[in-house]
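Biologist: Hello! Could you walk me through this protein, a piece at a time?

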Amino acid sequence: MSEWKEVRLGEVVQINPESLTKDYPFNVIDYIDISSVGTGELRETTQYPISEAPSRAKRLVRAGDTILSTVRPNRRSFLYLKKPKENQVVSTGFAVLRATEKINSRYLYYLISDQKFTDYLVSQEKGAAYPAVSIDSIKNAIVLLPDLETQEKIASILGSIDDKIELNVEMNKTLEEMAMTLYKHWFVDFGPFQDGEFVESELGMIPKGWRVGNLGDLIQVQNGYAFKSKEWKSEGIPVIKIKNISPPLINKEDVAYVDVSLIDKLERFILKQGDLLIGMTGAEIGKCGIYYYEEPAFLNQRVGKFYSNNDEINTLPLVYTITRLPDFQQKILDNSTGSAQPNISADGIRSLKIVLPPTDILKEFINLINDTYSMIINNANENYKLKNIRDYLLPRLLSGEIDLSEAEKQVEEVL
């Protein structure tokens, strides 16, 4: 540990080095707001003409910068910007950290990612309703810094995991786009069937032999179980609540648990890998996600589970594609009851109108996208495992607790 030393973060980074000025060369910005960023994850950005940009759109970024939310630091919202867009602008709710020659930029990101750093920020936050941490607190954070060569090695080890995770995420986006393109070609444009006869229907012109049916022709919907407050535990079997739906997947962040002994009693509410879930109330109504984990979990109330009602073929890959249509959530909302708090029943979901082909065409389409559905699940599950390995190695590498060659070997085994 002789080559490691404690330094204040402000000694090795620049914070908020560039801001938007009247000389900004772009007419449109690609804006990253606080809600756009998860833990090392960019969810979405918003395009704004510069004249209509939010007042908080001020921070400019470059490749290698790390952005860190100063608001509610316990939520761990931060991101490494490997290749930001030229017109990328981030909210003033972020601190932009730019590495100097004293620190590797990606090593800096992993310092920020460490739970110890989050705990420090939480200890420094001010304000009850809107807790935030000051720039001075970030500057004064004490971090452990090895020599640059060691920093680069650590960043390379952890970075190789994150690069694989990023590749899988991009692959899943491509797979989903391919499935959606194929669905549109078959079920919207009716491309393969243009040479045949078309007939009028309540959903427009459709190929002869097709019909207007309901989502219930493809699936059943099961409601989740209403667990009692006394049943919640700190560990055990996870329970997937409506907040865990992060389309197109299910996350287990901040998940609740119940005792393992409930498995026998509540067997019908157990989730397995590949299940497709839907939010049935509130702001999450109509949001859907795949449960991709190998470990079992329970289905909570206010969440529904789709299951195929076709004995010959699993219809979930097709239903998943339907749930990813831009207007699906709105159609579910239109079928809901209640104004202040919209709710939808299983029957309300099943009654959604869809165009259905003859059985042979239905089977053919599902066979075409079935592998896509499986690959999305496998890639997401691999990422889950990779994140666990990264999160295990990260604090040990940053403290010098684990030998670099040992860590490299562990990573090589999983990549």
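Predicted model: local features only at pLDDT ≥ 70, side-chain atom pairs only at ≥ 80, totals over all residues.

Biologist: Then which helix holds N379?
Modeller: Helices are numbered from the N terminus, and that numbering gives us the name we need. The place of N379 is in helix α9.

Biologist: Is N379 buried or exposed?
Modeller: Buried means under 20% relative accessible area. N379 has a relative accessibility of 10%, so N379 counts as buried.

Biologist: Leaving aside its neighbours within four places in sequence, which residues is N379 in contact with?
Modeller: Contact means heavy atoms within 4.5 Å. With the neighbours within four places in sequence left aside, the partners of N379 are N168, M171, N172 and L175.

Biologist: And T372, which residues does it touch beyond those up to four places away in sequence?
Modeller: T372 is found in helix α9 too, which covers residues 359–398. T372 is buried, as its relative accessible area is 12%. Not counting residues up to four places away in sequence, T372 touches L175 and A179.

Biologist: How is α9 oriented relative to α10?
Modeller: Two packed helices are described by the angle between their axes and the distance between the axes. For α9 and α10 (residues 404–414), the angle is about 180° and the axes are 11 Å apart. Angles over 145 degrees count as roughly antiparallel, so α9 and α10 are roughly antiparallel.

Biologist: How many nonpolar residues does the contact of α9 with α10 have?
Modeller: On the α9 side we find E382, L386, I389, Y392, L393 and L397, and they meet L404, A407, Q410, V411 and V414 in α10. By class, this contact has 1 charged residue, 1 polar residue and, to finish, nonpolar residues numbering 9.

Biologist: Let's turn to the second largest pocket: which element supplies the largest share of its lining?
Modeller: The second largest pocket has a volume of about 380 Å³. Its lining has 18 residues, and the closest to the centre are Y183, F187, V188, L325 and K331. At least two lining residues come from each of α4 (148–188), α7 (328–334) and β25 (353–356). The largest share, 5 residues, comes from α4.

Terms used. Residues numbered from 1 in each chain as written. Heavy atoms only, no water. Helix = DSSP H or I, 4+ residues; strand = E, 2+ residues; numbered from the N terminus. Buried < 20%, exposed > 50% of the residue type's maximum accessible area, 1.4 Å probe, protein only. Axes fitted to C-alpha atoms, helices over the stretch in contact; angles between N-to-C directions. Parallel < 35°, antiparallel > 145°, perpendicular 65-115°, else oblique. Nonpolar A, V, L, I, M, F, W, Y, C, P; charged D, E, K, R; others polar. 1 Å grid on protein atoms, 1.4 Å probe; cavity = no way out; pocket = protein on both sides within 12 Å on 5 of 7 lines; lining within 4 Å. Points joined across faces, edges and corners; volume = space filled by probe spheres on them.
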